[in-house]
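Subject: Structure handover

Hi,

Here is the structure I promised to pass on. Please open it next to this email and follow along.

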Amino acid sequence: MTRGRVLAAAAALVTLLTACSGASSGGSAGGSPGASSSGPSPTASASGSASGAASGSPSAVDLTAASADEILAQSRAAFLAAPSVHAKGVLLTDGTSYTIDLRLVKGRGAVGTVGSRGGRLTVVRVGNAAYVSLDAASLRAATGSAEAARRYAGKYFSVTSSNRAAFTPFLALTDAGQAFGPALAPTGAVTKGSVSTVNGRRVIDLLVDGGSSGDVFVALDGKPYPVRIGYGKGGQHVDFDSYGAKVALAKPPASKLAPTPGG
């Protein structure tokens, strides 16, 4: 198998794994935005302040007294202004579950993983440059070659002008605004639910279409960040934390880069 075919097969698998034309276009909170993180942390430049989501200061406005639409608007504004965020969870798109774990840096990029159907994809995006790495099982499924799986497992493929179209839907997930902004501006009716605790944060539940389309759980202490977005009644949800934390973003080292076609 030529390097070009391996790269093309990997790109095709990325599209299959993410199937996120719907995921990146968002919609209501019950729709299918994408997201969330950790993943590899290829060294170097940091971004964002170290002020995490766990600020104990009270909200500037008593959110419990505000309307559901007002709370959601404040939460969306806070989310879009955050220097960075860690998003982690499971969402459902077209009947397929995707496990996502991404650290997203506003205006700079992201690092993390997306998994589905037993495979896993790692992505690093720094500005307009992007790199993806597939595990051995995914490469074997994509190429039908055990030798290619051994050779390229753990290697990063560069996203170039020739293959970018296949990766574009997935890369939309590495932009917090694109991936989650629409979910924080749903088309359905939004009403206030109960006050509870999610991941140690006191939150208010905003129900979209009574909860049938989804939920947005908004922090009541500190900034009104979304703490969780729920996707309908299936139990899939994405959690958010580490707002403003520093995230290392850097191009993978040369030893980890797969040769480009013809290289």
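Below is what I found in it, part by part.

Keep one thing in mind: this is a predicted model.

**Helix H3**

Start with H3, residues 68-81. How far apart are its end C-alpha atoms? They are 20 Å apart.

Now look at which side of H3 is covered. Ala68, Ile71, Leu72, Ser75, Ala78 and Phe79 are buried. Viewed down the axis of H3, these buried residues fall within an arc of 130°, so they line one face of the helix. An α-helix has 3.6 residues a turn, so residues three or four places apart point the same way.

**The cores**

The largest nonpolar core has 51 residues. Which of them touch the most other members? They are Phe79, Phe170, Phe180, Leu206, Val238 and Phe240. H3 supplies the largest share of this core, five residues. Another core lies apart from it, with eight residues, among them Val105, Val124, Tyr131 and Val247.

Phe240 deserves a click. Leaving out residues up to four places away in sequence, Phe240 touches Phe79, Val85, His86, Ala87, Phe180, Pro226, Val227, Arg228 and Ile229.

Next, find S10, residues 226-230. Is S10 mostly covered or mostly open? Five of its five residues are buried, so S10 is mostly covered under the cut-off of 20% relative accessible area.

S10 pairs with S9 (residues 214-219) in the antiparallel sense, over four bridges. Pro226 in S10 is the bridge partner of Val218. The hairpin of S9 and S10 has six residues between the strands. In that hairpin, Gly222 takes a positive phi near 75°.

S10 also pairs with S11 (residues 237-241), again antiparallel, over three bridges. Here Asp239 in S11 is the bridge partner of Arg228. S10 and S11 form a hairpin too, with six residues between them. Gly232 in the turn has a positive phi of about 70°.

**Salt bridges**

How many salt bridges are there? The count comes to two.

One joins the side chains of Arg228 and Asp239, at 2.6 Å from N to O. Arg228 lies in S10 and Asp239 in S11, so the pair ties together parts that are eleven residues apart in sequence. Asp239 is buried, because its relative accessible area is 15% and buried means under 20%.

The other joins Glu147 and Arg151, at 2.7 Å from N to O. Both residues sit in helix H5 (residues 146-152), four residues apart, so about one helical turn separates them. Glu147 is partly exposed, with a relative accessible area of 37%. Arg151 is partly exposed as well, at 46%.

**Ala136**

Last stop: Ala136, in helix H4 (residues 136-143). Ala136 counts as partly exposed, at 31% relative accessibility. Setting aside neighbours within four places in sequence, Ala136 is in contact with Ala149 and Ala153. The C-alpha atoms of Ala136 and Tyr152 are separated by 7.6 Å, though the two are 16 residues apart along the chain.

That is the tour. Write back with questions.

Best wishes

Terms used:
Residues are numbered from 1 along each chain as its sequence is written. This is a predicted model: local features need pLDDT of at least 70, side-chain atom pairs count only at pLDDT 80 or more; totals for chains, interfaces and linings use all residues. Side-chain values use heavy atoms; hydrogens and water are left out. Helices (H or I, at least four residues) and strands (E, at least two) are DSSP runs, numbered from the N terminus. The expected span of a helix is 1.5 Å times one less than its number of residues. Buried means under 20% relative accessible area, exposed over 50%, partly exposed in between (1.4 Å probe, protein chains only). The arc is that of the directions from the helix axis to the C-beta atoms. A nonpolar core is a set of buried Ala, Val, Leu, Ile, Met, Phe, Trp, Tyr and Cys residues joined through side-chain atoms within 4.5 Å. Contact means heavy atoms within 4.5 Å. Two strands pair if DSSP finds at least two bridges between them. A salt bridge is a side-chain nitrogen of Lys or Arg within 4 Å of a carboxyl oxygen of Asp or Glu.
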